[in-house]
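Let us walk through a protein model step by step. Keep the sequence and the 3D view side by side.

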Amino acid sequence: MVMLMARLKEFKTIDEQIEILKDKGLSFNDEALAKKILLRENYFFISGYRDAFYKSNKDKAFINGATFEELYALFMFDRNIRNILFKNLLIVENNLKSIFSYQLSRKYGYKEKDYLKISNFTTEISRRRQVIDVINKMKRQIRVNAKQHSATLHYLTNYGYIPMWILVKVLSFGIISELYTILKYEDKRDIADLYGISVEDMSIFLPIMANYRNLCAHEDMLYSHRSQRSIPNNIYHEKLHIEKDNEEYLYGKNDLFSLIIMLKYMLTDDNFRLLIYEFGYEIDLLDGKISSIPIDKILDKIGFPKNWRDIRDL
């Protein structure tokens with residue numbers, strides 16, 4: 001208990017926060033502005049980006065020339081790319097919901113008593129419990145939103161049922177991801193074929209993208225995030241000639257570039273080109289704001305190969 005109490009962080013005033021950063025070697029060009037930023041943005045969130053400017057993870061002292069303004073620039077870079085990716089993940093999410101509702105309604109019916117039948121899903125014994133669980137989650141969303149969501153209320157009041165194209169509006173990306181795992185193989189294949197990928201790849205992509213969507217929605221640190229699962233090797237790793245170490249690709253497996261690769265498959269060409277343009281703009285903007293470290297260090301943090309922009313035209 002004594003050891004636990006010793007680890008607790010005490011409240012620090014903004015002036016004390018600045019002194020802590022100064023003691024570690026960080027410079028300030030405008031302390032008055034820094035105080036306003038720290039009050040508005042939270043010291044804890046901004047300081048989470050310090051390691052990019054450390055001499056080493058052991059030393060935990062800032063490299064010579066590192067400034068608070070650079071630290072804040074990286075913080076804002078992460079926020080901006082998070083917003084860009086969130087916008088595109090919402091596009092993917094809405095596209096998937098439309099495709100799921102169309103494919104399943106056409107095959108199994110448009111009333112919940114029809115499309116939620118257990119016989120519509122995989123018959124694998126190992127997934128029986130999961131099938132029941134996902135169906136129950138969907139039924140719960142019907143109960144919860146029946147009289148709260150305008151669209152569900154409209155259909156329930158006027159028609160006495162909620163079609164799947166309305167239900168998907170209140171389903172999370174996570175539930176959509178789970179729903180894919182319990183579909184019959186032929187239904188999985190029909191959906192994956194629309195994106196030109198395998199059922200196996202789609203089964204891996206969806207939960208990873210759902211996780212990234214939640215990270216973005218909750219303003220968690222994104223640029224250095226690593227997902228628990230890696231995406232399979234694919235044509236883009238090969239065409240970009242991404243470096244390998246012990247036969248494993250160094251970039252585009254469980255880092256932010258792996259998300260870019262997934263979005264290459266999941267977005268339209270126009271949307272993907274815009275994504276790359278917006279992402280490139282933010283990287284170039286950050287490059288102009290930091291000088292104590294090379295931009296290549298940030299690219300390495302986010303898992304981007306130096307020729308990452310080439311994926312746009314592949």
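Glu-186 has a relative accessibility of 33%, so it counts as partly exposed. Here buried means under 20% relative accessible area, exposed means over 50%, and partly exposed lies in between (1.4 Å probe, protein chains only). The model is predicted: local features need pLDDT of at least 70, side-chain atom pairs count only at pLDDT 80 or more, and totals for chains, interfaces and linings use all residues. Residues are numbered from 1 along each chain as its sequence is written, and side-chain values use heavy atoms, with hydrogens and water left out.

What does Glu-186 pair with? Its partner in a salt bridge is Lys-107, with the closest N and O atoms 4.0 Å apart. A salt bridge is a side-chain nitrogen of Lys or Arg within 4 Å of a carboxyl oxygen of Asp or Glu. Lys-107 lies in helix H5 and Glu-186 in helix H11 (residues 185-194), so the bridge ties together parts that are 79 residues apart in sequence. Helices (H or I, at least four residues) are DSSP runs, numbered from the N terminus. Lys-107 is partly exposed too, at 41% relative accessible area.

Now look at Glu-93 and Arg-213. Their side chains meet in a salt bridge of 2.8 Å, N to O. Glu-93 sits in helix H5 and Arg-213 in helix H12 (residues 199-217), 120 residues apart. Both Glu-93 and Arg-213 are buried.

Another bridge joins Asp-78 and Arg-82, whose closest N and O atoms are 3.3 Å apart. These two are four residues apart in helix H5 (residues 68-108), so about one helical turn separates them. An α-helix has 3.6 residues a turn, so residues three or four places apart point the same way. Asp-78 is buried, at 0% relative accessibility. Arg-82 is buried as well, at 2%. Asp-78 and Arg-82 also belong to a network of salt bridges that includes Arg-40, Glu-41, Arg-79 and Glu-219. The count of salt bridges comes to 22.

Which residues of H7 are buried? They are Val-131, Val-134, Ile-135, Met-138, Gln-141, Ile-142 and Asn-145. They cover an arc of only 110 degrees around the axis, which puts them on the same side of H7. The arc is that of the directions from the helix axis to the C-beta atoms. The face turned away from this buried side carries the exposed residues Arg-129 and Arg-143.
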